[in-house]
Amino acid sequence: MTSKSVYHIKECRVCEPVGVSRLLCCTCRAAKDVYIMGLLIRSLPMLTACARSKFITQYLLQHSRCLNVVYGDIGKLQTKVKKFVDDGVSVCKPENIHICDGSEKENTMLLALMQQEGMIKKLTKYENCWLSLTDPADVARVESKTFVVTPAQRATVPITREGVKGAVGNWMSPEDWNHEYSKRFPGCMSGRTMYVIPFSMGPLNSPLAKICIQLTDSPYVVASMRVMTRMGTAALESLGDDAFVKCLHSVGQPLPTDRKMVNNWPCNPEQTIVSHIPANNEIISFGSGYGGNSLLGKKCVSLRLGSIIARNEGWLAEHMLILGITNPQGVKKYIAAAFPSACGKTNLAMMEPSIPGFKVECVGDDIAWMKFDDEGRLRAINPEKGFFGVAPGTSMDTNPNAMRTIVKNTIFTNVAETSDGGIYWEGLEKFTPSDLKVTDWHGKPWTKDSGKPAAHPNSRFCTPAGQCPVIDPAWEDPKGVPIDAIVFGGRRPEGVPLVYESFDWKHGVFIGAAVKSEATAAAEHKGKVIMHDPFAMRPFFGYNFGHYIAHWLSMETRGKVPKVFHVNWFRKGPNGKFMWPGFGENSRVLDWIIRRCDGEDCAKKSAIGYIPTPGSINLYGLNESVDMDGLFELPKQFWQEEAAELKQYFDDQVNADLPAEISNQLNTLKERASKL
């Protein structure tokens with residue numbers, strides 16, 4: 001017979017124990033919380049009575065051990081939360097428990113602990129900034145090892161055409177998952193502290209907010225989650241007795257370990273797995289301490305599990321930035337925009353417009369949860385509280401507001417370090433004095449002649465959103481901001497124009513489903529290959545892609561849907577150079593978009609949608625010559641091939657689950673392309 005967990009006082013290590021009901025350890029006489037079979041023992045007579053039981057005595061002899069609550073009060077956890085913790089302790093067998101409160105005191109303590117253990121290094125040039133270098137085997141999302149667990153395969157992924165490998169999600173059966181779980185998790189936190197992280201995705205008083213509890217054995221995760229979410233006591237108090245999203249994470253390296261740690265970064269990349277179990281409202285991750293694999297509020301809750309919850313509740317959980325743009329007349333519009341990784345999403349969200357009199361303010365740079373209000377208006381919240389941005393390419397030229405944000409209270413991962421205690425990555429060459437020495441992300445001396453990047457291509461900054469100088473005043477409005485336009489985009493070097501507008505909502509959904517882009521360093525894929533990334537959600541679908549499209553189509557019946565657009569900042573000319581300057585100049589495209597939202601007659605019909613009429617994009621003050629005709633050229637052969645390739649993709653990947661409306665859109669695109 002097994003029990004949930006056994007905590008007792010046979011031996012202990014004292015570290016400022018806290019608890020409402022405590023007993024004295026028989027060895028050191030320190031006050032300890034004591035649990036036997038999940039029951040809090042409140043007195044020595046109760047403990048004695050339990051010990052007199054033959055079964056309990058035998059059980060204690062075989063299974064009991066000391067477990068310290070080293071921070072926080074386990075007695076204040078709600079019953080459901082306490083059971084979740086108890087179940088986690090029973091399986092993972094940590095040495096200590098730390099109940100996170102999100103306080104500055106706690107954060108300072110954890111940063112000092114990680115510094116002492118060599119996990120992070122203080123960057124002396126900035127205020128409260130830290131550098132972490134990971135094991136080189138643990139640097140990105142692991143799409144091939146990320147699963148959604150459901151009894152029926154078709155609930156998670158479409159059944160592809162025979163002989164075709166699915167590319168829009170990974171399914172695992174509950175039986176296979178139980179096998180994988182049992183191979184990894186028993187005893188996985190031995191010798192480590194289990195941190196209990198209560199956090200909210202979304203402002204605490206928002207009707208869209210979701211309370212989650214994450215168990216982890218990584219202090220790096222705790223410090224990062226404090227930046228990225230509304231974490232701590234307030235989230236726990238907000239939960240009450242309601243249900244919550246259960247998140248379990250382990251680096252998968254119990255102590256003592258025979259595995260050699262690189263950069264003092266614990267991980268187990270050979271056994272990494274990230275699983276989502278919708279039936280249990282649960283996410284379980286093992287083996288990676290990096291980013292979205294371990295910060296489970298990031299993609300796991302916000303998108304994969306979030307999209308399932310959104311479908312069930314009638315809203316959208318999307319991989320989108322949210323920005324507000326105000327024109328010189330003071331008219332403000334909000335835009336939600338979906339781009340695959342490394343397409344300039346964060347740059348756009350924090351843009352400094354080049355058009356005089358325009359202002360852009362950031363609500364969020366990565367995730368949008370959108371729901372119709374009582375008046376039928378689509379509103380969006382940013383469920384996150386921080387930015388987890390790609391560092392390389394970020395500079396005062398490309399994103400000055402991000403650079404101003406990250407100079408304090410920021411955790412940098414896998415960037416290079418300068419000899420004056422600063423940071424360095426590709427894109428900062430002209431901003432870094434030549435006399436400074438650079439140490440690369442492997443901890444080795446680096447120069448521009450080293451022949452390899454100083455920072456990992458997927459190196460990151462984790463920084464509080466509230467520090468952004470252009471954060472929108474309504475970024476934490478519990479009602480969300482009203483969305484006037486939805487924009488899709490990707491890195492398309494040829495054929496796709498700078499901007500076009502969908503004919504209607506169904507066509508807009510088709511445009512989202514047809515998004516393609518060059519692969520990025522945020523995932524395992526390497527090289528400049530054009531990949532399908534529908535809705536910029538390909539790695540993040542929580543359920544069948546065909547059903548996801550159908551859910552998008554259904555939104556038209558739920559309220560007033562916004563206009564839909566597609567943009568492409570990355571088209572190249574015959575010389576191989578970008579045809580559009582991008583960055584702040586993208587405000588000229590946003591200006592056209594918001595004018596279209598106001599009904600201005602500044603577009604003409606084309607084979608692929610409405611494109612700007614000649615002269616309708618404001619180029620006043622643009623300092624370089626731009627081939628606008630070339631930017632909007634629609635090559636017949638390209639679009640015929642595009643239509644044929646899209647049909648092949650949908651036939652292969654979505655097959656019988658493709659909604660008829662999308663098939664109709666494909667047929668009409670093919671017909672229009674033939675007339676170009």
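I looked up who meets whom: in helix 17, K636, W639, Q640, A643, L646, K647 and F650 are in contact (heavy atoms within 4.5 Å) with I662, L666, L669, K670, A673 and S674 of helix 18. I sorted these contact residues into eight nonpolar, two polar and three charged. In that sorting, Ala, Val, Leu, Ile, Met, Phe, Trp, Tyr, Cys and Pro count as nonpolar, Asp, Glu, Lys and Arg as charged, and the others, Gly among them, as polar.

A note on the source: this is a predicted model, where local features need pLDDT of at least 70 and side-chain atom pairs pLDDT 80 or more, while totals for chains, interfaces and linings use all residues. Numbering starts from 1 along each chain as its sequence is written, and side-chain values use heavy atoms, without hydrogens and water.

Next I checked the geometry. Helix 17 (residues 636-653) packs against helix 18 (residues 660-674) at about 160°, with axes 9 Å apart. The two are therefore roughly antiparallel (angles over 145 degrees). Their crossing is left-handed, so the near helix is turned anticlockwise from the far one by less than a right angle.

Then helix 3 (residues 79-92): its 14 residues should span 20 Å at 1.5 Å a residue, and the end C-alpha atoms are 20 Å apart, which agrees. I found V81, F84, V85, D86, G88, V89, S90 and C92 buried there (under 20% relative accessible area). K93 follows helix 3 and has a positive phi, near 55°.

Last, N293: I found this residue in helix 9 (residues 291-294). N293 is buried, at 2% relative accessible area. Leaving out residues up to four places away in sequence, N293 touches D138, A140, R141, V142, H249, V274, S285 and S288.

Definitions and conventions:
Axes fitted to C-alpha atoms, helices over the stretch in contact; angles between N-to-C directions. Helix = DSSP H or I, 4+ residues; strand = E, 2+ residues; numbered from the N terminus. Parallel < 35°, antiparallel > 145°, perpendicular 65-115°, else oblique. Expected span 1.5 Å × (residues − 1). Buried < 20%, exposed > 50% of the residue type's maximum accessible area, 1.4 Å probe, protein only.
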